[in-house]
Amino acid sequence: MKILINLAFQSLFNRKVTVFLTIISLTVSIVLFLSIDTLRLGAKKSFFGNVKSGDLILGSRSGEIQLLLYSLFQIGSPTNNISWESYKEISKKSEIDWIVPISLGDSHKQFRVMGTTKEYFERYSYRKSKKLQYQFGTHFQNTFDVVIGNDVAKILNYKLDDSIIVAHGIGSQSLHDEFPFKVKGILQKTGTSLDRLVLVSLEALEAIHKDWKAGSKIPIKGTNNKKNFTEQDLIPKEITAAIIKLKSPITIFKVQREINDYEYEPLQAIIPGIVLTKLWQIVSVTENIMLAISAMVIVSALIGLIAILYSTLNNRRREMALLRIVGASPKTIFSLLLLEALIISFLSIVFSIILTQLLNFFLFPILDNKYGIYLENNFLLLKDFYFFLIVLLTAVIVSIFPALQAYKNSINDGI
Amino acid sequence: MNNALEIKNLLFKWNNQDNFSLKIKNLSIKRNKKVIMFGESGSGKSTLLNLISGIMSPISGTIIIKDTITNNLSSNKKDAFRANNIGVIFQQLNLLDYISPINNILLPCFFTNFKKKNKNYFYNRAFNLASKLDLKKNILLQRNSSQLSLGQKQRVAIIRAVINKPFLIVADEPTSALDNRNKENFLNLLVNICETEKITLLMVSHDTSLKKYFDSNITLERIVKK
C-alpha cells in the first residue's frame with residue numbers, strides 16, 4: 001500500500017502541470033459551492049435576524065406577508081392603521097411582556113420615517129441577540145429629536161445636531177417644514193432594514209400631523225406653533241403596527257387568537273417566524289437554483305478529472321506494463337488510478353478549505369462593513385464534512401471508468 | 001530439476017482469435033544456462049516471453065518454471081511468482097522516469113517480500129550490485145531517473161532484473177537500440193551477473209552475432225509448429 005501511495009504521488013508530481021490545473025479547477029468549483037452555501041445561509045440568517053425581537057406582530061387585518069414586510073422590513077405600505085385605543089387595550093393583556101408600537105407613512109428623502117417609542121431601541125435585537133449600538137449620540141430626548149440609521153447618515157452625510165425636514169407620505173413634495181427635527185443619534189450598522197430608517201417619536205409624528213387631514217395641510221390659526229402642544233395633544237390617535245413579546249412562548253397561539261377575535265376593530269396578529277418561513281419558501285427557489293448551478297460546476301470539474309485520467313492512460317501504457325512485469329497485479333494498477341483520483345480530490349478539498357478560510361478572513365469584514373451582509377465565520381460545519389465526503393466518493397466513483405480501462409489494458413499489454 | 005524452463009504443447013491465440021497463434025510442442029532450457037533465441041520480427045518472440053513471465057495465458061499446454069506449472073496458478077499467484085522468480089529486461093530498458101534509480105531497482109521487492117526487517121538487506125544488495133557495475137551510490141539516490149545516461153539506465157535495468165535473486169531472467173531484445181560498444185558492455189555485464197548469481201538467462205534477439213556470449217541458441221521458427 002505504501003509503495004502505491006508513493007508511486008501515485010510521484011507519478012502525479014511527474015505530471016504536475018496537468019495535475020495542478022485539475023486540482024485548481026476542482027478547488028475553484030468546491031470553493032464556489034461552499035461560498036454560495038455560506039452566502040445562502042448568511043442571507044437566510046440576516047433575513048430571519050430581523051425577527052429576533054418579538055413573538056407576535058399586531059397590525060390591521062390584511063395579508064400576513066404584507067404586514068410582515070412593512071412592519072419588519074419597511075417594504076410596501078400598510079393598508080390601514082390601528083387605533084391607539086385598541087393598542088392600549090391589547091397591551092393590557094397579562095401574557096404580554098412588552099409591546100412596542102411603530103408608525104409608518106412619512107419619509108425623508110429616499111428613506112422611510114418610522115415613529116416609535118424609546119423602548120424600541122432597548123428591545124430591538126438582531127442577529128444572535130445583538131443589541132442596538134449608537135455610533136454617535138443617543139436616543140431621542142425631546143419631541144423633535146430624530147435617530148437615523150447608519151446608511152442614512154452616510155448617504156446624506158448627516159452629523160449630530162443636523163436639521164432634518166420630514167416629508168408627508170412617500171416620495172411626496174409636501175413637507176412638514178414647520179417642524180424641523182434635530183439628529184440626536186446615529187446608529188451603528190446592523191445589516192438590517194434599520195440602517196435605512198429615520199426614527200422619530202410617536203409624539204412628534206402626532207405633532208406634525210396635527211393640522212393635516214386626509215393627506216393635505218389644513219392650517220388652523222394659532223395652533224401651528226410647536227410650543228403650544230400639551231402632553232394630552234400628542235397622544236397618538238393611530239399606529240401602524242406593534243411588536244409584542246410574550247412572557248412565555250406557550251401563550252403565543254392563545255394571544256394570537258384573542259387578537260384575531262378582537263371585536264371592536266379588525267386586527268390581526270402574525271407570528272413573524274412562521275410568515276417569514278412562508279416567504280422564504282418563495283425566495284428559496286433562487287437559492288436552490290444557485291446551489292444546483294454550483295453543484296453542476298463541481299460535476300464538470302469531476303468530468304475534467306476523468307478526462308485527465310483517461311487522456312494520460314495511453315501515454316502511461318508502458319509505465320503500467322512495467323509495473324505489471326515487476327509484479328503488480330491488474331488490481332494494483334486499478335487501485336493506483338483510483339488512488340490518484342483520490343489524491344487529486346483530497347488535495348483540492350484541502351486547498352479549498354484553506355481558500356475559503358482566507359476568503360472568510362479577508363472578505364467577511366468587508367461584506368459586513370460595506371454591504372451589511374453579515375456572514376458567520378464558522379470554521380467547518382458537519383455538513384461541510386459530509387459534502388467533502390460526497391466529493392471524494394464521487395471522484396472515486398467516476399474514476400472507476402478510467403481505472404477499469406487501465407485494468408483491461410494491463411491484462412492485454414505485455415512487454 | 002535439471003530444467004529451469006520447460007514448455008509442452010503450448011497453444012496461444014491473441015485474444016482467442018485466429019489471426020495470430022503460437023504453437024510450441026517442446027522447449028526446455030537447462031538450469032544456469034544462458035540461451036539466446038533468434039526469430040524474425042512478428043514470429044512471436046515477445047509473446048513467448050509474455051507467456052513465460054505469466055503476463056499472458058496460453059489456451060492450452062504447460063509452462064513449467066522451477067518445477068511449478070505457472071499457467072495453472074491464479075492470477076494473483078502468477079504476479080507474485082513473476083516478481084519473485086523472473087527478472088525481465090526489455091527492449092527500451094523501461095525505467096519509471098519519475099522515481100529514483102534505487103526505487104526503480106527495488107520495484108520488484110516492493111511488490112513481494114519487502115518487509116521492515118529485510119529492507120536494509122535489499123538496499124545493500126542493490127548498492128553492492130551497483131558498485132560491481134560501476135554505478136555510484138549517489139547516482140542511485142538521484143531524485144528521478146530521467147537524467148541517467150543510456151548506459152546507466154541499462155545497468156539499473158540489469159540490477160532490477162536480479163535484485164530479487166530470480167531463478168530466470170528473460171530479456172527481450174535489450175541490445176537492439178545500442179551501438180556495438182554499448183552492446184558488448186551490456187552483454188558482458190548481463191552474462192557475468194547471471195553467472196555469479198547463478199541465474200538462468202533466456203534472451204530473444206534477431207542479431208545472430210550475439211551467439212558467442214551464450215551457451216546455446218534456439219531458433220524460434222524451428223520449434224514452432226505450423
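Helix axes are taken here as lines fitted to C-alpha atoms over the stretch in contact, and the angle between two of them runs from 0 to 180 degrees between N-to-C directions. The structure is a predicted model, in which local features need pLDDT of at least 70 and side-chain atom pairs count only at pLDDT 80 or more, while totals for chains, interfaces and linings use all residues. Residues are numbered from 1 along each chain as its sequence is written, and chains are lettered from A and ligands numbered from 1 in the order in which they are written.

The axes of helix α10 (residues 317–325) and helix α13 (residues 400–412) of chain A come within 9 Å and cross at roughly 65°; helices here are DSSP runs of H or I with at least four residues, strands are runs of E with at least two, and both are numbered from the N terminus. A:Arg317, A:Met320, A:Ala321 and A:Arg324 of α10(A) meet A:Ala406, A:Asn409 and A:Ser410 of α13(A), contact being defined as C-beta atoms, placed from the backbone, within 7 Å. These residues divide into 3 nonpolar, 2 polar and 2 charged, where Ala, Val, Leu, Ile, Met, Phe, Trp, Tyr, Cys and Pro count as nonpolar, Asp, Glu, Lys and Arg as charged, and the others, Gly among them, as polar.

Chain B can be met next. Chain B holds 8 helices and 9 strands. Its radius of gyration is 17 Å, close to the 17 Å that the globule rule gives for 226 residues, so chain B is as compact as a globular protein of that length; the radius is taken over C-alpha atoms, and the rule is 2.2 Å times the number of residues to the power 0.38. Along its principal axes, the C-alpha trace of chain B spans about 50 × 40 × 35 Å.

Of the 226 residues of chain B, 43% are buried (20 or more other C-beta atoms, placed from the backbone, within 10 Å of the residue's own). In helix α1 (residues 45–53) of chain B, 8 of the 9 residues are buried, including B:Leu48, B:Leu49 and B:Ile52. After α1(B) comes B:Gly54, with a positive phi near 85°.

Finally, the two chains touch. The contact takes 24 residues from chain B and 16 residues from chain A. On the side of chain B that touches chain A, α2(B) gives the most, with 6 residues. By class, this side has 14 nonpolar, 7 polar and 3 charged residues.

Conventions:
A residue is buried if 20 or more other C-beta atoms lie within 10 Å of its own, exposed if 12 or fewer, and partly exposed in between; C-beta atoms are placed from the backbone. Two residues are in contact if their C-beta atoms, placed from the backbone, lie within 7 Å.
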